[in-house]
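Subject: Structure for your files

Hello,

Here is the structure I said I would pass on. Please open it alongside this message; my notes come after it.

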Amino acid sequence: MSIVVTGATGHLGRLIVESLLRRGVPAGQIVALGRDVNRLADLADRGLVVRTADYDDLDSLRAAFAGAQKLMFVSGSEVGQRVRQHGNVITAAREAGVGLVVYTSIAHADTSDLQMAAEHQATERQLRDSGLPHVLLRNSWYLENYTAQLPTYLAHGVAGAAGDGRVSAAARADYAEAAAEVLTTDGHAGRAYELGGEAFTMTELAAEVARQTGQDVRYTDLPVDRYTELLVAAGLPEPYAAALADADRGLARGALYVPVDDLEKLIGRRPTSLADAVRAAV
Ligand SMILES: NC(=O)c1ccc[n+]([C@@H]2O[C@H](COP(=O)([O-])OP(=O)(O)OC[C@H]3O[C@@H](n4cnc5c(N)ncnc54)[C@H](OP(=O)(O)O)[C@@H]3O)[C@@H](O)[C@H]2O)c1
């Protein structure tokens, strides 16, 4: 049996590989995929199979999925290209006769009106239409989306357009643990898990950073267009800035709030808290 993991050069894919190894999956049964296999050399040294796979190149996917029993399909990062790219992944998985596809989607993908949800909705539809047995991991935001901005928070405070909305953010490592659990235990095919951690508002985020650093850090709520402008001024490409600001618009209305404990149940412990994540970042 082999478990093929796409996006293994990325943060989440790499953590999923490490979680699988920690659970005792033999290295030789894990196939780590990336566009640049040189970046997977350390995994090859540890006995994993590494193969090249590009979501734009159907033939590379066909070769990469050969013999795959399970496919950990990490959603791509090229926003705007992903419906076609993900379609290629699903086509190749079907041709390879993969027994289970585990896909990283977005919270409430079936009902979400976030711009960022559209490509996940299309992918979920393609998976359904393919007839492939599959599991949807509908991940909320990463805690790291926030903790990576700690220097900005300390210099300028926290800005956003999320109002008093609560986000159920969780650590990438926790989402990776959940994925590894789904890949290594039975009974998940056909399920859609809504995954998220402890919920907090942006005001609470700012207060936690202030508490742990002893600095005056506050949250400034902006209209969506003003927040988009601020992100563009900070150097983000306009479409990406607009999508992030749109995510905050949705966040204000609960689009990334996950009121169920699917993540805790899958990983068998409480997900990493905001306080712990901020402590580690500080
Ligand atoms: N929940 C959240 O808060 C959140 C935030 C950001 C993103 N996401 C989604 O979750 C995914 C995983 O997150 P992450 O933090 O691990 O992102 P990441 O570090 O950017 O990793 C993305 C992975 O996808 C691979 N990839 C992108 N386009 C590809 C293509 N055309 N063909 C083959 N591989 C491709 C990348 O390969 P290369 O190394 O070759 O680029 C990389 O391995 C993201 O891709 C995105 O869909 C979720």
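The notes below cover the domains, then the boundary between them, then the ligand.

Please keep in mind that this is a predicted model.

Domains

The chain splits into two parts. Domain 1 runs over 3-139, while domain 2 is made up of 141-169 + 197-258 + 270-282. Between the C-alpha centres of domain 1 and domain 2 the distance is 28 Å. Nine residues of domain 1 and 16 residues of domain 2 take part in the contact.

Boundary between the domains

Domain 1 and domain 2 bury about 1,000 Å² between them, and carbon and sulfur atoms account for 63% of this area. On the domain 1 side, the residues that lose the most area to domain 2 are Leu114, Gln115 and Met116. Together these three make up 49% of what that side buries.

Two salt bridges are found across the interface of domain 1 and domain 2. There is also a salt bridge to look up by residue number: aspartate 113 pairs with arginine 249, and their closest N and O atoms are 3.4 Å apart. As for polar contacts, four residue pairs are counted between domain 1 and domain 2, with both residues at pLDDT 80 or more. Sorted by class, the side of domain 1 that touches domain 2 consists of five nonpolar, three polar and one charged residues.

Ligand

There are 22 residues around the ligand. Those that come nearest are Thr9, His11, Leu12, Ser75 and Gly76.

- glycine 7: 3.2 Å to a polar backbone atom
- glycine 10: 2.9 Å to a polar backbone atom
- serine 75: 2.6 Å to a polar backbone atom

How much of the ligand does the protein bury? Taken alone, the ligand exposes 890 Å², and 82% of that is buried by the protein.

Regards

Terms used
Residues are numbered from 1 along each chain as its sequence is written. This is a predicted model: local features need pLDDT of at least 70, side-chain atom pairs count only at pLDDT 80 or more; totals for chains, interfaces and linings use all residues. Side-chain values use heavy atoms; hydrogens and water are left out. Domain bounds come from an automatic or database domain assignment. Contact means heavy atoms within 4.5 Å. Buried area is the accessible area (1.4 Å probe) that two parts lose on being put together, summed over both. A salt bridge is a side-chain nitrogen of Lys or Arg within 4 Å of a carboxyl oxygen of Asp or Glu. A polar contact is a pair of N or O atoms within 3.5 Å; within protein, one must be able to donate a hydrogen and the other to accept it, and residues adjacent in sequence count only if both atoms are side-chain atoms. Ala, Val, Leu, Ile, Met, Phe, Trp, Tyr, Cys and Pro count as nonpolar, Asp, Glu, Lys and Arg as charged, and the others, Gly among them, as polar. A residue is near a molecule or strand if one of its heavy atoms lies within 4 Å of it. Accessible areas come from the Shrake-Rupley method with a 1.4 Å probe; for residues, only the protein chains shown count as cover.
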